[in-house]
Amino acid sequence: MASATTGAPDKTVTGYPAQSSQVAAGYPAYAYVAPPPSYGPGLGLNPVQDYNRRRKAFLCRVITFGSVVFAIIGLIFFIAWLVLKPRLPEFRVDSASVSQLNLTQSALSADWNFTLFVRNPNTKLSLYYDRLEASVFYHSSRDRLSTTPLQPFSQSKRSQTWVPVRFEVLSEYVREDVAARISGEKSTGSVGFRVQVFALVKFRSGFWWTRERLLRVYCDRVQIGVDPKNGTGSLMGQPGACEVDL
(Lines give C-alpha, C1' and ligand atoms only; values in the text may rest on other atoms or scores of the structure.)
Protein backbone atom coordinates (compact mmCIF):
# COMPACT_ATOMS: atom_id res chain seq x y z
CA MET A 1 0.00 0.00 0.00
CA ALA A 2 1.55 3.20 -1.15
CA SER A 3 2.08 5.78 1.45
CA ALA A 4 1.56 9.48 0.78
CA THR A 5 4.65 11.73 1.09
CA THR A 6 4.13 14.96 2.96
CA GLY A 7 6.44 17.92 3.56
CA ALA A 8 7.47 21.35 2.18
CA PRO A 9 7.86 21.63 -1.58
CA ASP A 10 11.40 22.07 -3.12
CA LYS A 11 11.93 25.80 -3.84
CA THR A 12 15.45 25.61 -5.42
CA VAL A 13 15.67 27.79 -8.58
CA THR A 14 17.94 26.55 -11.35
CA GLY A 15 20.71 29.01 -12.52
CA TYR A 16 21.20 30.90 -9.24
CA PRO A 17 23.43 30.03 -6.31
CA ALA A 18 21.41 28.09 -3.83
CA GLN A 19 20.92 29.30 -0.32
CA SER A 20 22.38 27.06 2.30
CA SER A 21 18.89 26.17 3.40
CA GLN A 22 17.93 25.20 -0.14
CA VAL A 23 20.86 22.96 -1.11
CA ALA A 24 19.88 19.37 -1.38
CA ALA A 25 21.61 17.08 1.00
CA GLY A 26 24.62 15.31 -0.45
CA TYR A 27 25.57 18.04 -3.02
CA PRO A 28 28.47 20.59 -2.52
CA ALA A 29 27.76 24.32 -2.55
CA TYR A 30 29.80 26.63 -4.90
CA ALA A 31 30.20 30.38 -4.41
CA TYR A 32 29.17 32.57 -7.32
CA VAL A 33 32.13 34.34 -9.08
CA ALA A 34 31.37 37.53 -11.00
CA PRO A 35 32.78 37.69 -14.58
CA PRO A 36 35.71 40.13 -15.29
CA PRO A 37 34.77 43.61 -16.47
CA SER A 38 34.47 44.06 -20.19
CA TYR A 39 36.31 46.86 -22.09
CA GLY A 40 34.53 46.60 -25.33
CA PRO A 41 33.83 49.39 -27.83
CA GLY A 42 32.45 52.47 -26.19
CA LEU A 43 33.42 51.35 -22.69
CA GLY A 44 36.85 53.18 -22.48
CA LEU A 45 40.55 52.07 -22.62
CA ASN A 46 42.00 49.32 -20.53
CA PRO A 47 44.80 50.29 -18.07
CA VAL A 48 47.69 49.35 -20.43
CA GLN A 49 46.30 51.39 -23.32
CA ASP A 50 45.64 54.33 -21.02
CA TYR A 51 49.25 54.24 -19.70
CA ASN A 52 50.69 54.19 -23.25
CA ARG A 53 48.48 57.08 -24.29
CA ARG A 54 49.59 59.18 -21.30
CA ARG A 55 53.26 58.29 -21.88
CA LYS A 56 53.13 59.33 -25.54
CA ALA A 57 51.40 62.60 -24.65
CA PHE A 58 54.07 63.37 -22.02
CA LEU A 59 56.94 62.65 -24.45
CA CYS A 60 55.33 64.87 -27.08
CA ARG A 61 55.10 67.74 -24.58
CA VAL A 62 58.76 67.28 -23.53
CA ILE A 63 59.98 67.24 -27.16
CA THR A 64 57.89 70.28 -28.05
CA PHE A 65 59.14 72.22 -25.02
CA GLY A 66 62.79 71.31 -25.76
CA SER A 67 62.43 72.33 -29.42
CA VAL A 68 60.95 75.70 -28.46
CA VAL A 69 63.75 76.37 -25.92
CA PHE A 70 66.50 75.51 -28.44
CA ALA A 71 64.82 77.62 -31.11
CA ILE A 72 64.66 80.62 -28.75
CA ILE A 73 68.33 80.22 -27.74
CA GLY A 74 69.39 79.91 -31.38
CA LEU A 75 67.38 83.00 -32.30
CA ILE A 76 68.99 85.00 -29.47
CA PHE A 77 72.51 84.02 -30.61
CA PHE A 78 71.65 84.79 -34.23
CA ILE A 79 70.34 88.25 -33.35
CA ALA A 80 73.41 88.90 -31.17
CA TRP A 81 75.66 87.84 -34.06
CA LEU A 82 73.90 90.27 -36.40
CA VAL A 83 74.06 93.13 -33.89
CA LEU A 84 77.70 92.62 -32.85
CA LYS A 85 78.92 91.83 -36.40
CA PRO A 86 82.02 89.75 -35.52
CA ARG A 87 85.01 90.26 -37.79
CA LEU A 88 88.09 88.08 -38.15
CA PRO A 89 91.37 89.37 -36.71
CA GLU A 90 94.02 90.69 -39.08
CA PHE A 91 97.50 89.13 -39.25
CA ARG A 92 100.66 90.14 -41.04
CA VAL A 93 104.37 89.39 -40.82
CA ASP A 94 105.84 92.60 -39.40
CA SER A 95 109.48 91.46 -39.37
CA ALA A 96 111.49 88.37 -40.19
CA SER A 97 115.11 87.31 -39.98
CA VAL A 98 117.20 84.17 -40.28
CA SER A 99 120.68 83.30 -39.07
CA GLN A 100 123.05 80.39 -39.56
CA LEU A 101 121.08 79.06 -42.50
CA ASN A 102 123.20 76.12 -43.59
CA LEU A 103 122.38 73.02 -45.60
CA THR A 104 124.10 69.78 -46.42
CA GLN A 105 122.81 67.10 -48.73
CA SER A 106 119.80 66.28 -46.50
CA ALA A 107 120.20 68.30 -43.27
CA LEU A 108 119.13 71.84 -42.40
CA SER A 109 120.28 74.16 -39.63
CA ALA A 110 118.73 77.59 -39.14
CA ASP A 111 117.36 80.06 -36.60
CA TRP A 112 114.30 82.11 -37.66
CA ASN A 113 112.75 85.04 -35.83
CA PHE A 114 109.38 86.41 -36.94
CA THR A 115 107.15 89.09 -35.47
CA LEU A 116 103.46 88.75 -36.22
CA PHE A 117 101.27 91.84 -36.07
CA VAL A 118 97.73 90.98 -34.91
CA ARG A 119 94.87 93.48 -34.93
CA ASN A 120 91.36 93.12 -33.53
CA PRO A 121 89.09 95.19 -35.84
CA ASN A 122 85.93 94.64 -33.77
CA THR A 123 84.39 97.63 -32.00
CA LYS A 124 82.15 95.56 -29.69
CA LEU A 125 84.01 92.28 -29.24
CA SER A 126 87.13 91.10 -27.42
CA LEU A 127 89.17 88.15 -28.70
CA TYR A 128 90.75 85.29 -26.76
CA TYR A 129 93.41 83.07 -28.35
CA ASP A 130 94.39 79.71 -26.89
CA ARG A 131 96.47 76.65 -27.84
CA LEU A 132 98.43 78.45 -30.53
CA GLU A 133 100.86 76.60 -32.76
CA ALA A 134 103.10 78.13 -35.42
CA SER A 135 104.98 76.36 -38.23
CA VAL A 136 107.47 77.42 -40.88
CA PHE A 137 107.44 75.78 -44.31
CA TYR A 138 109.33 75.90 -47.54
CA HIS A 139 106.78 76.18 -50.36
CA SER A 140 104.20 73.37 -49.83
CA SER A 141 102.75 71.93 -46.62
CA ARG A 142 104.84 68.80 -47.24
CA ASP A 143 107.97 70.87 -46.61
CA ARG A 144 107.44 71.59 -42.90
CA LEU A 145 110.75 72.72 -41.41
CA SER A 146 109.84 73.46 -37.77
CA THR A 147 106.88 73.85 -35.38
CA THR A 148 106.62 75.71 -32.06
CA PRO A 149 103.86 76.49 -29.52
CA LEU A 150 102.93 80.10 -28.72
CA GLN A 151 101.67 81.72 -25.53
CA PRO A 152 97.90 82.35 -25.27
CA PHE A 153 96.85 86.00 -25.35
CA SER A 154 93.76 88.18 -25.53
CA GLN A 155 92.82 91.41 -27.29
CA SER A 156 90.39 94.09 -26.22
CA LYS A 157 88.28 96.02 -28.73
CA ARG A 158 90.24 97.59 -31.60
CA SER A 159 93.60 96.67 -30.06
CA GLN A 160 96.91 95.59 -31.59
CA THR A 161 99.38 92.92 -30.49
CA TRP A 162 102.86 91.95 -31.64
CA VAL A 163 103.58 88.23 -31.26
CA PRO A 164 107.21 87.01 -31.41
CA VAL A 165 107.74 83.62 -33.06
CA ARG A 166 111.03 81.74 -33.06
CA PHE A 167 111.97 78.52 -34.87
CA GLU A 168 115.26 76.73 -34.45
CA VAL A 169 116.51 73.56 -36.13
CA LEU A 170 119.89 71.87 -35.94
CA SER A 171 120.83 69.30 -38.55
CA GLU A 172 117.13 68.62 -39.17
CA TYR A 173 116.45 66.07 -41.89
CA VAL A 174 114.89 67.42 -45.09
CA ARG A 175 114.35 65.80 -48.43
CA GLU A 176 117.24 66.16 -50.83
CA ASP A 177 115.17 68.04 -53.40
CA VAL A 178 114.07 70.56 -50.73
CA ALA A 179 117.66 71.07 -49.55
CA ALA A 180 118.76 71.59 -53.15
CA ARG A 181 116.07 74.22 -53.83
CA ILE A 182 116.78 76.16 -50.62
CA SER A 183 120.50 76.12 -51.43
CA GLY A 184 119.73 77.36 -54.94
CA GLU A 185 117.64 80.28 -53.61
CA LYS A 186 120.26 81.07 -50.97
CA SER A 187 122.93 81.41 -53.65
CA THR A 188 120.80 84.11 -55.34
CA GLY A 189 120.59 86.18 -52.12
CA SER A 190 117.02 85.47 -50.90
CA VAL A 191 114.89 82.56 -49.75
CA GLY A 192 111.09 82.43 -49.50
CA PHE A 193 109.37 80.76 -46.55
CA ARG A 194 105.77 80.27 -45.41
CA VAL A 195 104.45 80.80 -41.88
CA GLN A 196 101.29 79.16 -40.62
CA VAL A 197 99.47 79.65 -37.29
CA PHE A 198 96.63 77.58 -35.84
CA ALA A 199 94.75 78.73 -32.72
CA LEU A 200 91.48 78.34 -30.88
CA VAL A 201 89.70 81.69 -30.74
CA LYS A 202 86.61 82.97 -28.89
CA PHE A 203 84.66 86.22 -29.32
CA ARG A 204 83.24 87.92 -26.22
CA SER A 205 80.97 90.88 -25.50
CA GLY A 206 79.86 91.13 -21.88
CA PHE A 207 77.99 87.94 -20.99
CA TRP A 208 77.84 86.80 -24.63
CA TRP A 209 80.50 84.29 -25.69
CA THR A 210 80.98 82.24 -28.80
CA ARG A 211 82.26 78.69 -28.63
CA GLU A 212 85.93 78.07 -29.42
CA ARG A 213 86.62 77.90 -33.13
CA LEU A 214 89.75 76.92 -35.02
CA LEU A 215 91.49 79.97 -36.49
CA ARG A 216 93.86 79.32 -39.40
CA VAL A 217 96.42 81.88 -40.53
CA TYR A 218 98.50 81.50 -43.69
CA CYS A 219 101.40 83.85 -44.45
CA ASP A 220 102.75 82.85 -47.87
CA ARG A 221 106.07 83.67 -49.47
CA VAL A 222 107.79 85.62 -46.73
CA GLN A 223 110.89 86.62 -48.66
CA ILE A 224 114.09 86.90 -46.59
CA GLY A 225 117.29 88.35 -48.02
CA VAL A 226 120.16 86.00 -47.13
CA ASP A 227 123.92 86.45 -47.33
CA PRO A 228 125.12 83.39 -49.29
CA LYS A 229 128.28 83.20 -47.17
CA ASN A 230 127.05 83.27 -43.59
CA GLY A 231 123.35 82.46 -44.09
CA THR A 232 122.11 85.58 -42.28
CA GLY A 233 119.43 87.96 -43.50
CA SER A 234 116.18 89.83 -42.86
CA LEU A 235 112.79 90.54 -44.42
CA MET A 236 112.78 91.94 -47.93
CA GLY A 237 110.15 94.43 -49.09
CA GLN A 238 106.99 95.49 -47.28
CA PRO A 239 105.27 93.29 -44.68
CA GLY A 240 102.66 91.12 -46.32
CA ALA A 241 99.12 90.52 -45.09
CA CYS A 242 98.22 86.95 -44.15
CA GLU A 243 95.09 84.99 -45.08
CA VAL A 244 92.83 84.33 -42.09
CA ASP A 245 90.10 81.72 -42.02
CA LEU A 246 87.74 80.07 -39.52
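This is a short tour of a predicted model, taken one selection at a time.

Stop 1: Select residues 47-84, which form helix H1. Phenylalanine 58 is found in this helix.

**Stop 2: a pair of strands.** Select residues 90-103 for strand S1 and residues 107-119 for strand S2. The two strands pair in the antiparallel sense, and eleven bridges connect them. Between them, a hairpin of three residues leads from S1 to S2.

**Stop 3: another partner for S1.** Select residues 233-235, which are strand S10. S10 runs antiparallel to S1, and two bridges join them. Pick serine 97 here; its bridge partner in S10 is serine 234.

**Stop 4: a loop residue.** Move to the loop between S2 and strand S3 (126-137), and select asparagine 122. Is asparagine 122 buried or exposed? Its relative accessible area is 1%, so asparagine 122 is buried; the cut-off for that is under 20%.

Next, show what surrounds asparagine 122. Leaving aside residues up to four places away in sequence, asparagine 122 touches Lys85, Pro86, Arg87, Leu127, Lys157, Arg158 and Phe203. Finally, select asparagine 120 as well: its side chain and that of asparagine 122 are joined by a polar contact of 2.9 Å.

Technical notes. Residues numbered from 1 in each chain as written. Predicted model: local features only at pLDDT ≥ 70, side-chain atom pairs only at ≥ 80, totals over all residues. Heavy atoms only, no water. Helix = DSSP H or I, 4+ residues; strand = E, 2+ residues; numbered from the N terminus. Pairing = 2+ DSSP bridges. Buried < 20%, exposed > 50% of the residue type's maximum accessible area, 1.4 Å probe, protein only. Polar contact = N/O pair within 3.5 Å; in protein donor to acceptor, adjacent residues only side chain to side chain. Contact = heavy atoms within 4.5 Å.
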